[in-house]
Every structure is written in C-alpha cells, then in structure tokens.
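Me: I have a structure open here and would like to talk through a few details of it. Can you take my questions as they come?

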Amino acid sequence: METHLPAEIRLHRVAILGEWRDRFAASLEESGLTDIKVPFDLLPVLFEEILELLEGGDDRIPCHHPPPIVGALAEFPANISVCLKLLNAGEATLKAFLLGRIEAFGIKSEFDRECFMWDLNKATHILIHREIQGICEQSLRPIAEIRGRIEGHGDIRRQEIPTDGAMNFQT
C-alpha cells in the first residue's frame, strides 16, 4: 500500500507545529536568546513550504520573503543564527514525528525512509539558503542604496581633492 507521506504529515499539522514551536523556543533558550520576539505565525507558512518542496516534482526554489522571515527577529548577523535554529527545529520535529508516530513511515523500506529523510533535509536547506540570501540582501541594502546614489547620480568623489594624504587620481 503506497502512502503519501506529506499528506500524512498534514493530518497532524497542529501537533507538529506545537512541537516545532517548543523545540525552537528551547533552542533559543539554550543559546541565551530568550529576549527575541518570535512571530509564531511563520511556522505554518514554513511548514507548508517544506511539504510543498517534498511534494513538488520540479526543482523550483521559492523566492525569499520580502523582507526575509527572520528579518524582524534580530539584528544582522544574529538573525542568521535564529534562521538556522528555526528551520533546523522544524526539520528535527518532522523527523521525530515521522520516526515516532507515522506507522506508514515505519513500513517503508530503509532505502525509502532514507530517501525521504534526505529530501526533508534538502527542503530545509533550500529554505535556509533562501532566507540567508534574503537576510544578506536586506543587510546590504542600505550600503547598496548609498553606493547607487553616489555612482548613479554624479560621483562627487571624483571632483574632491583628498586632504588626508590619500593618493590623488586625475579623471
């Protein structure tokens, strides 16, 4: 009997999200990051994205959220650590749930179980990389905007003569 594991996982959505939230909160506590406000409404969105990646036949990588999901959680670079903790807690919760509570998962061959776990890890890492890219873009945006204004709208640096002993290049 062939089972559809993502659908099986969706049936237990509420329990999984509760365990994910608890696991993530414990991870923050262990790291001393208890002062970070966590918008737990992100978990259902990430849960669905992971399952969609597990179900999807194509290799499309979802676009990052504008701004990145953890952008509001902590200042750069701490938000990368929070991102890793959030998504790794989700992966660990799903693995524990599959191994402990989904009978259909235990019936599968060891090879099929390993393949599904590998796909779960791959889906998690796709989201981690997407969010880290978004965090980096968000953190570099002020630098890029300033640089774009200088280079794109008349670079006044070329017209100034440095007075602090810097080399002077004629343009």
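Me: Leaving aside its neighbours within four places in sequence, what is R101 in contact with?
Reply: In this predicted model, R101 touches E19 and A96 once the neighbours within four places in sequence are set aside.

Me: What kind of contact do the side chains of R101 and E19 make?
Reply: The two side chains make a polar contact, with a distance of 2.5 Å.

Me: And where does R101 sit in the chain's elements?
Reply: R101 belongs to helix 4, which covers residues 78–101.

Me: Is R101 buried, partly exposed or exposed?
Reply: R101 counts as partly exposed because its relative accessibility is 49%, and exposed would require over 50%.

Me: How far is R101 from I9, C-alpha to C-alpha?
Reply: The C-alpha atoms of R101 and I9 are 9.7 Å apart, although 92 residues separate the two along the chain.

Me: Switching to helix 3, which of its residues are buried?
Reply: The buried residues of helix 3 are L42, L43, L46, F47, E49, I50, L51, L53 and L54, and the helix itself comprises the 14 residues 42–55, reaching 20 Å from its first C-alpha to its last, close to the 20 Å expected.

Me: Now the whole chain: how many helices and strands?
Reply: There are six helices and zero strands, and buried residues make up 34% of the 171 residues in the chain.

Note on methods. Residues numbered from 1 in each chain as written. Predicted model: local features only at pLDDT ≥ 70, side-chain atom pairs only at ≥ 80, totals over all residues. Heavy atoms only, no water. Helix = DSSP H or I, 4+ residues; strand = E, 2+ residues; numbered from the N terminus. Buried < 20%, exposed > 50% of the residue type's maximum accessible area, 1.4 Å probe, protein only. Contact = heavy atoms within 4.5 Å. Polar contact = N/O pair within 3.5 Å; in protein donor to acceptor, adjacent residues only side chain to side chain. Expected span 1.5 Å × (residues − 1).
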